[in-house]
Amino acid sequence: MPREFEWQDETLGSEDFYREDLEDLLQEGAWMEGFNEWTEYTNLDEEQVRIVSDLGLFQAFDFYWDPTEDCLRIDPPTIPDNWRERDATESLDSSTVSLIDGELDDLGRAVQEVLEDYLERNDEASDYGWGEETYGKREE
């Protein structure tokens, strides 16, 4: 199982919805807390976790703030559509691919819950908050 979360920041600009702030929280421990919680109940075996890691899916999660709905969002990765053509996934069947995709959703929700806790603690410890006031002052 991966010990460290390596965030891949692939987008820049005002449309990032504070991804850098979320990245900081993930690196400060939110990722590992959520990941460790998920490992306690995941149905993936060691080989399936290795496949997810080999495909870079642990690093492909996208956490962002949605100012329209004023909430934290996540876009979890999935096994690529061409999984039958890849060496790393050729031994899988459709039900295992579905299982892995479902477990990635669960991992995303676990990390999202931890991130939300971090954001609440951050709000309480700062003069600014996440959400409407912060985004109301922001120039787009």
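**Fold, core and selected residues of a predicted chain**

Of the 140 residues of the protein chain, 41% count as buried. Buried means under 20% relative accessible area, exposed means over 50%, and partly exposed lies in between (1.4 Å probe, protein chains only). The structure is a predicted model, in which local features need pLDDT of at least 70, side-chain atom pairs count only at pLDDT 80 or more, and totals for chains, interfaces and linings use all residues. Residues are numbered from 1 along each chain as its sequence is written, and side-chain values use heavy atoms, with hydrogens and water left out.

The protein chain has four helices and two strands. Helices (H or I, at least four residues) and strands (E, at least two) are DSSP runs, numbered from the N terminus. Along the sequence, the elements follow the pattern α-α-β-β-α-α. Contact means heavy atoms within 4.5 Å. Of the contacts in the protein chain with a separation of 6 or more, 68% join residues 24 or more positions apart. The chain exposes about 8500 Å², an area computed by the Shrake-Rupley method with a 1.4 Å probe; for residues, only the protein chains shown count as cover.

Confidence was examined next. The predictor's confidence in each residue is its pLDDT, from 0 to 100. The protein chain averages a pLDDT of 81, and 75% of the residues score at least 70. Among the elements, helix 2 has the highest mean pLDDT (93), while helix 4 (residues 132-136) has the lowest (44). Over residues 1-14 the pLDDT is below 50; this stretch has 24 contacts in the model beyond near neighbours in sequence. Residues 130-140 also have pLDDT below 50, with 22 such contacts. Where pLDDT is low, the predicted coordinates should not be read in detail.

The largest nonpolar core holds 31 residues. A nonpolar core is a set of buried Ala, Val, Leu, Ile, Met, Phe, Trp, Tyr and Cys residues joined through side-chain atoms within 4.5 Å. Trp-31, Phe-58, Phe-63, Leu-107 and Leu-115 touch the most other members. Helix 1 (19-41), helix 2 (46-54), strand 1, strand 2 (71-75) and helix 3 (94-125) each supply at least two residues of this core. Helix 3 gives the most, with 10 residues. In soluble globular proteins, nonpolar side chains tend to be buried together.

Two neighbours in the sequence illustrate the contacts made there. Not counting residues up to four places away in sequence, Leu-107 touches Trp-31, Gly-34, Phe-35, Trp-38, Phe-58 and Phe-61. Gly-108 is found in helix 3. Gly-108 counts as buried because its relative accessibility is 1%. Beyond its neighbours within four places, Gly-108 is in contact with Phe-61, Phe-63 and Ile-74. Gly-108 and Phe-61 are 47 residues apart in sequence, yet their C-alpha atoms are 7.3 Å apart in space.

The strands were then considered. Asp-66 lies in strand 1 (residues 62-66). Its relative accessibility is 14%, so Asp-66 counts as buried. Residues up to four places away aside, Asp-66 touches Cys-71 and Arg-73. The side chains of Asp-66 and Arg-73 make a polar contact (3.3 Å). A polar contact is a pair of N or O atoms within 3.5 Å; within protein, one must be able to donate a hydrogen and the other to accept it, and residues adjacent in sequence count only if both atoms are side-chain atoms.

Asp-70 is found in the loop between strand 1 and strand 2. With a relative accessible area of 37%, Asp-70 is partly exposed. Asp-70 has a positive phi of about 55° although it is not a glycine. Most residues other than glycine have a negative phi.
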